[in-house]
Amino acid sequence: MLPSSTVENYLKAIYQGQSALRPPERLVPMGQVAAALGVTPGTATTMVKALAESGLAEYEPYSGVRLSAAGERLAGLVELFLVKVMGMSWAEVHEEAEQLEHVVSERLIERIDDMLGRPTHDPHGDPIPSPDGAITPRDLENLLTCPIGEPLRVTRIADQDPAFLRFIENNDLKPGQPVEVEKRDAAADSVRLRGKDRRAITIGTRAASKLLVEKDRV
């Protein structure tokens, strides 16, 4: 049985590493996974091997790791189920998902997927693969690189720390919400925004780098 408190962390760390790969790269180096989780390479390798044995990852010794389609679906679907069906806060769902992900079966994942209408993204905007492993592509930028003065929509949050998610929620910056960058101030290390209902919001550049957006097509 996989340690429940670490499954979610490894799945997310590997997924984040995959997102930064450039063709023809396909595997996340084990050293990178270990560094992201603050563990030794040996510890990371042991856990990744367990994920691979459970069908959640593809591990190649001395090369690296990537998630299987099942691994990518598992993380997103469990979190979405807890938010949509169980009514839990998206800021607290991460910890609860950790406790569930080591006990759910592939059959249950299929039932959850069907119940939720075959979703393409989890509550934080991370993509959920289809049963055949396909991922809906998105052309995203963060609030430091996106155009100034254009209508945008928050699409993904690249940090799932509960305190940060509560900050995002309190400022109405969850995925799906409208946002517009008014000004970037390098000296003040800040970004001034217009959010929901044209609310004025000022956030730091570190937080701004973690909010991914796309053009608002509405």
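**Sheet pairing and nonpolar cores**

Trainee: Which residue in β5 is the bridge partner of Leu-152?

Mentor: Leu-152 has Val-179 as its bridge partner in β5. This is a predicted model, where local features need pLDDT of at least 70, side-chain atom pairs count only at pLDDT 80 or more, and totals for chains, interfaces and linings use all residues. Numbering starts from 1 along each chain as its sequence is written, and side-chain values use heavy atoms, without hydrogens and water.

Trainee: What makes β4 and β5 a pair?

Mentor: Two strands pair if DSSP finds at least two bridges between them. Strand β4 (residues 152-157) and strand β5 (residues 178-185) have two bridges, in the antiparallel sense, so they meet the definition. Strands (E, at least two residues) and helices (H or I, at least four) are DSSP runs, numbered from the N terminus.

Trainee: Why do β3 and β7 count as edges?

Mentor: The open, antiparallel sheet has six strands in the order β3-β8-β4-β5-β6-β7. β3 (141-142) and β7 (200-204) each have a single partner strand, so one side of each lacks a neighbour in the sheet.

Trainee: What makes a set of residues a nonpolar core?

Mentor: Its members are buried (under 20% relative accessible area, 1.4 Å probe, protein chains only; exposed is over 50%, partly exposed in between). They are Ala, Val, Leu, Ile, Met, Phe, Trp, Tyr or Cys, joined through side-chain atoms within 4.5 Å. The largest such core has 29 residues, and Tyr-10, Leu-11, Ile-14, Leu-51 and Val-65 have the most contacts inside it. α4 gives the most to this core, six residues. Apart from it lies another core of 21 residues, including Val-179 and Ile-203.
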